[in-house]
Amino acid sequence: MRRRLMTVVAGLVLLAVWFAGSAPAAGQDGPVRGGTLVVAIVSDPGHLNPAITTSGATHAASELLYNGLLGRDERGDPVPELAESWQVEQGGAVYRFRLRDGVKWHDGAPFTASDVRFTFEEVLLKFHARTRASMGGLLSGIEAPDDRTVIFRFKQPYAPLLYQLDATEAPIIARHVYQGTDPQTNPANVNPIGTGPFKFGSYTKGTEIRLVRNPAYFKPGLPYADGLVMRIIPDLSVQVLALENGEVDFLWELPGPLQGRIKGDSRFQTARTGYHPGGSNCIMTMSFNLERPILKELRVRQAVAQALDRQTFLAQILFGDGKVAAAPISSEIPWAHAAGLNMPKPDRAEAEKLLDGAGWKKEGDGPRTARGVSGVADGTRLSIDFLHFPTFTKYGELIRQQLGTVGIGVVLKPLEPAVFAPTVFKDRNFDSNVISYCNGPDPEIGVRRMYHSSQIGPAPFTNAAAYRNPRVDALFDEASRSVERDRRSRLYRQIQEIAVQDLPYFWLVETVSTRAWAARCSGFKAWTGLFAEGAFCRR
Amino acid sequence: MPSRYLLRRLAHVLPTVAGLLVLNFCIIHLAPGDPAIALGGEHGDEAYYTFLRARFGLDRPLPEQLLTYITNVLRGDLGTSFVHGRSVVAVITERLPATLLLVSSALALSSVAGIGLGALAARHGRRAADVSINAVALLGYAVPSFWLGQMVLLALAVGTGLFPVQGMTDARNPQTGFGYLLDVFHHLALPVLVLAANELALTTRLVRTGLIEALGTDYVRTARAKGLPEGLVIRHALRNVMLPVITVIGSRAGMFLSGAVLVEVVFAWPGLGRLLLSSLLARDYPILLGMFLLISLGVILANLITDLAYAWLDPRIRYQ
């Protein structure tokens, strides 16, 4: 009996010790309040008003100060933010939003529906390039019948609206601060007032932006950190050194060559995402100028596609951080991405056969020679120029090397972005190029502009190929009017099947961003501009 | 004091600056690239870019833009930055102190240490000290600053934890008063070392060569024969070596600014160099023109100071 009692007591003591040991551990797993987070950003944003620009620098630095009507979850789907609920009416031509009650601007003024209406009508539709280009011509009006209701009316059903309302695509700014002023020069652009989790603290040009906790944030308990510093460090490798040296806690972009070092170190954590404030879900895409006689010929484009081994692009340029593009629409938009398409596979013999068939004959070493090619003088060498940003030089080098093996000469022409855009889209002075086409959260935003015939120049990063296909135009128009996702999926699938047959472009690799942070920190959300809303660090 | 000389030199400065204003304007505006696209990003429609061009006056004929620019400069208005939306003078003035601190510290280090090391090497001609200093100087002269910057970061910052990797101050624990000064100097050490390395090497080699030659001259031999202490001999000889050294230091003041661009990027130093680079990529014409003007004036001023230093060093030189 005594022995049994002892056993029970010992068991209870052990249980108590176990609880005593586990209780603090559970406490350590919970969020920690206080402290200052340090985040590295690449460039000085110049100002902190994300509603007047699509600049990634401004959005990365300022979105924590603001909110959109909606947010986005890990899959990119809309979630309530300033709007607590919404209804889609008249087949997608009318959207009615119910706003959250009790939201305050950082200066204490109440947030109302008139702020939303003002932001769209006076700022976003004038100055935010993506919002202006995508919905500007289709929106017939925005109504604010009371303080908590906003109604968007479109001329026809407009499908992607719910994906265009986060702080990246449509940050809401304060009417009482901006009304009657020029939004581009308003002093509040460098002393901003938003509704976001952090309030503006100070902005030292070229050095850092300091934010402080918004104690009146409408999401209870958030944010955890007392402050956040956006430290401007232009060189990505120096950002990594600063992370290793404990000077910063979070990096927006971990460069490929350094990923092995950081991922293999238990002091750090990483996460991949297709989201970036400057443009999400991007595919490195080779464009063919269909107005040039050489590339007008489908067999030449097919030969290019089959001469390229995209796996080497993924391995040698992205160090495996991304994926070979399996369709014209990014796999990060799963419902629109057409899986299982018959994309061209690397086959050098088949590429050579296609070029022979197209009249490009191998006569000795070097590029092939035209013999009976339509629109090209006999004896012309098969040589194309290839325009690229200086940062994409490695793509050019691989393309020149791989196309050279089948007798296609490639002349590389690196041009910085401000020169590249008018050369390609306005002057159309190129044979081929590589562009990081970002699909955005919805194909209507970033994919339509690549294929629709109405999008051929001069606006930059539109239909570089000058691709014209009435069937594709009609499918895009139908998809933009449909709000039912299954129907849109079917339409986008058809578009992608046609695009893979016509090959106005060749889709090389999907790029992703890798975020990195100190392992003593938690709660970072890599997929949204409000990435540090629930973040905290243990010191 | 050569006040008439000074006035005449200043009178030459005015047409030089006027010429530079026109030249800088033409070079920037004739270079390919569209600020509207750099500003508007990649998703705008043509109407948006047209709107931006009109807003910044870029749709006006080039001679009209030039005339407006010159008129504004004469009124002391260098324009408004396309990117920052604020006056060029304000944007540049914010960054100027950081660059001045970096460049002047590097100039002081390279000059003082360069002269000292050069003299030391010359005094110990072809012995261990001379060979070591010469070898290090050669290395310092040959190594590009961006590479040296990365190596210094790895070895002295991440490797030892003694120095910070980036910035001018500690982001997490901002200091005030004397603590702030200490923090800035702590952050300044590595960028100054890297920026000064090249010029330090050049000055060392220049002083060493000149001094070895001067120490072989008759007046030095006479001075030594009379029993003058070696330190005093070196001082006398050094004064004669300084003319070419001052010329080189003065003429390379502009090089420091261009070197500062790389060093500021590597060490995230918040100065004009980084502003110049980002403005170039964004085609922020007003900032670029303001920066070019400032750099031109800096070079002109450095040359003027060099000329005046000649007379101080060599009493035989007289200004006409």
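This is a predicted model: local features need pLDDT of at least 70, side-chain atom pairs count only at pLDDT 80 or more; totals for chains, interfaces and linings use all residues.
Figure 1. Residues are numbered from 1 along each chain as its sequence is written, while chains are lettered from A and ligands numbered from 1 in the order in which they are written. Chain A holds 17 helices and 23 strands; these are DSSP runs numbered from the N terminus, with helices being H or I of at least four residues and strands being E of at least two. The radius of gyration of chain A is 27 Å, close to the 24 Å from the globule rule for 539 residues, so chain A is as compact as a globular protein of that length. Here the radius is taken over C-alpha atoms, and the rule is 2.2 Å times the number of residues to the power 0.38. Along its principal axes, the C-alpha trace of chain A spans about 100 × 70 × 50 Å.

**Figure 2. A four-stranded open sheet in chain A.** The strand order is β4-β5-β7-β6, with antiparallel pairing; two strands pair if DSSP finds at least two bridges between them. At the edges sit β4 (83–89) and β6 (139–146) of chain A, each pairing on one side only. From one strand to the next, the twist averages 15°, where axes are lines fitted to C-alpha atoms (for helices, over the stretch in contact) and angles run from 0 to 180 degrees between N-to-C directions.

**Figure 3. Strands β6 and β7 of chain A, with a helix on the sheet.** Five bridges join β6(A) to β7 (residues 149–154) of chain A in the antiparallel sense. Look for D146(A), whose bridge partner in β7(A) is T149(A). Helix α3 (residues 113–127) of chain A packs on the sheet, touching β5 (94–99), β6 and β7 of chain A, and its direction makes about 160° with that of β6(A). Touching is a matter of contacts, that is, C-beta atoms placed from the backbone and lying within 7 Å.

**Figure 4. L6 in helix α1 of chain B.** L6(B) belongs to helix α1 (residues 3–30) of chain B. This leucine counts as partly exposed because L6(B) has 14 C-beta neighbours inside 10 Å.

**Figure 5. Helix α9 of chain B and the glycine after it.** Among the eight residues of α9 (218–225) of chain B, the count of buried ones is zero, so the helix is hardly covered. Just after α9(B), G227(B) takes a positive phi of about 90°.

Conventions
Two residues are in contact if their C-beta atoms, placed from the backbone, lie within 7 Å. A residue is buried if 20 or more other C-beta atoms lie within 10 Å of its own, exposed if 12 or fewer, and partly exposed in between; C-beta atoms are placed from the backbone.
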